[in-house]
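Have the picture ready as you read.

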There are 2 protein chains.
Amino acid sequence: MNQPIGVIDSGVGGLTVASELMRQLPKESIIYLGDTERCPYGPRPKEEVVQYTWEMVNFLLEKNIKMLVIACNTATAYTLHILREQLDIPVVGVIQPGARAAIANTRTYNIGVIGTEGTIASEAYPASLRHINAGITVHGLACPRFVPLVERGLISGEEAYQIVEESLEPLKQHKQMDTLILGCTHYPMIRELVQEVMGSTVAIISSGEETAREVSTILGFKKTFYTGDKAAEHQFYTTGDPIIFEQIASRWLEQKIEAVNKIQLTQVKSMEK
Amino acid sequence: MNQPIGVIDSGVGGLTVASELMRQLPKESIIYLGDTERCPYGPRPKEEVVQYTWEMVNFLLEKNIKMLVIACNTATAYTLHILREQLDIPVVGVIQPGARAAIANTRTYNIGVIGTEGTIASEAYPASLRHINAGITVHGLACPRFVPLVERGLISGEEAYQIVEESLEPLKQHKQMDTLILGCTHYPMIRELVQEVMGSTVAIISSGEETAREVSTILGFKKTFYTGDKAAEHQFYTTGDPIIFEQIASRWLEQKIEAVNKIQLTQVKSMEK
C-alpha cells in the first residue's frame, strides 16, 4: 500500500521516532508534522492539546496517510483513545509500546520511567503498565534538564554526563529495578549516557524504537506494508521556523533534510473529524 | 474481554510461547492445544499440516477464543495467511514477531536464524525479514540436534554445551552478524547456552517472547484486554499422552500443571471454517 505513514509531534522530539521508522521500515514513506510554533505541549491544558492534535491530524488526513503515529507523550496521553475511536486508520502512540517492551524485558517487575514533568505527573506510564500487569512496581522520575540538554546538542562529554548523573540519582536507590523506559522522545539522543550512569544491569527501553516495532506489527496485521519497488519519499512540515527544523532534522536523522515546508494549521471548530 | 487466548502447536514446544504469554499478560486466560500424537509437523507435506491445523483451530473456536496464536513455526509458515483471511478473530504466528524484533535490534543488518531443518528449508524467516527490509543479509542454520536435547531435559552442562557449540560453529564465521533468532519454540530452553557459545556481541531473539509481546500489541489495538478482577484460568489439551504432557508442561511452565485433557481431533472435510 503506497500511502505514507503520518507522524505528528509537538516539535522535533518525534524525529527520533521517525528516524527509527525509517531504519526499521526502509520501504515506507513518512510525512512528519511538528507543531514547533506551539511547542511544548506538556504545560498546556488538556483541551488545548486535544485541539492542536486534531488540527495536525486533519492536515495529515488530507495527505491520505494509511496510519497515524502520535510521536509525543503528552498528545498520546490525552488523545490516543479519542483518535482510535474516531479515525478509520490505525493509530499508534508512544506510551504503550515502551510499556510493553519493558514488561517483556523485566524479570524483577520493577520498572523505572523517566520523562518530562508533565508525562510523569500524568501517570500515563504506570497506568499503561498496570493495565497489562497489576503486579508491576513503577518508579517515575521527571528529568526537566534533559530536553534543554538535547536541544543544545549537548549529548556527550563531562557536563552532559554530570547533569544526567545528578538527575538520575534518585533512581539509584531502587536496586530491584532492571528496566528503565525513556519516556520522552528527546531522550534516545542521550541513551548512552543514561546507560552509563545506570550501569549494565538496567536495560534501557527507547519508546521510539519500540513504537516503530509496533507500527511494523500493525502494518503486518492489517496487511498494509508497501510491497512495491519505489524508494521511500519523506516529507517534513513544521509550524515554526523551517530553517531551524532542517538543521535539527539533518543532525538527528543523520542525512541532509531539505525543503521543509512551513504551514499554518487551521483551527478546528469541533473535535470530530 | 473475558475470553481465552487460544494457542496451538504440533506438540509441547509452544509451551515456551504460552509461558511468555502468562508472564507478560498475567490477567489473560490461555487454552493450549498440542497435537502431540502427530508431532512433529516439520517433515509432513503442506496439505497435511494445513488440515491438522484446521482441526486444532476448529476445536478452539468452539471454546470461544478471542485470539489465536500459532505457536509452531511449520504451521505458521503454511497457514498464517489462510487463517488470517478466514477467521474473524486476530491470528498471530511465531515467525513475524521474531523477524521484527531482530530488525529492531540489528545495527549491521546481518541476522542469523536457527531452527529445524524444515523451518530453515522453508525460507520463511528470510522472506519475512526481507519483506520488511530488502537490504538484510540472513544466515540460516538448521540445528537438528537441539530439539532432542531439550526434550531429554539436557539444557545445561558439559554435554549440552558441546552439542550447542558444534552445531553453531558454521555461524561463527559471520563476524558481522549481531542478532540471532531462535526460530524454533524449543530453543528458548537452551537460550543461555546459545548466548554463551555466540558471545555477548550477538543478541539472542526468542520468538516466544516476541510473539507474546505482539499478542499484547494486538490486544491493545483491538481493545480486547481482559480488565476484570478474576484470576486467569488456563486449560491444556493434548492429542497424545496427558501424563507425559503434564510432566513436560509442569517443568517448562515452572508450576504444577494438572488435569490435562486428552482429546481426539475431528477430521475436517473442507479447509473452510
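Q: How do you know how much area domain 1 of chain A and domain 2 of chain A bury between them?
A: Buried area is the accessible area (1.4 Å probe) that two parts lose on being put together, summed over both. Here that comes to about 1,400 Å², with 55% of it on carbon and sulfur atoms. Asn73(A), Glu210(A) and Trp252(A) supply 39% of the area that domain 1 of chain A buries against domain 2 of chain A, more than any other three residues.

A quick note on the model: it is predicted, so local features need pLDDT of at least 70 and side-chain atom pairs pLDDT 80 or more, while totals for chains, interfaces and linings use all residues. Residues are numbered from 1 along each chain as written, chains are lettered from A, and side-chain values use heavy atoms, without hydrogens and water.

Q: Which residues make up domain 1 and domain 2 of chain A?
A: The bounds come from an automatic or database domain assignment, which gives 5-93 + 210-262 for domain 1 and 96-207 for domain 2.

Q: Why is the pair Arg100(A) and Glu214(A) called a salt bridge?
A: The term needs a side-chain nitrogen of Lys or Arg within 4 Å of a carboxyl oxygen of Asp or Glu. The side chains of Arg100(A) and Glu214(A) meet at 2.7 Å, N to O, so the pair qualifies. The count between the two domains is one salt bridge.

Q: How many residues does each domain bring to the contact?
A: With contact meaning heavy atoms within 4.5 Å, domain 1 of chain A gives 17 residues and domain 2 of chain A gives 20.
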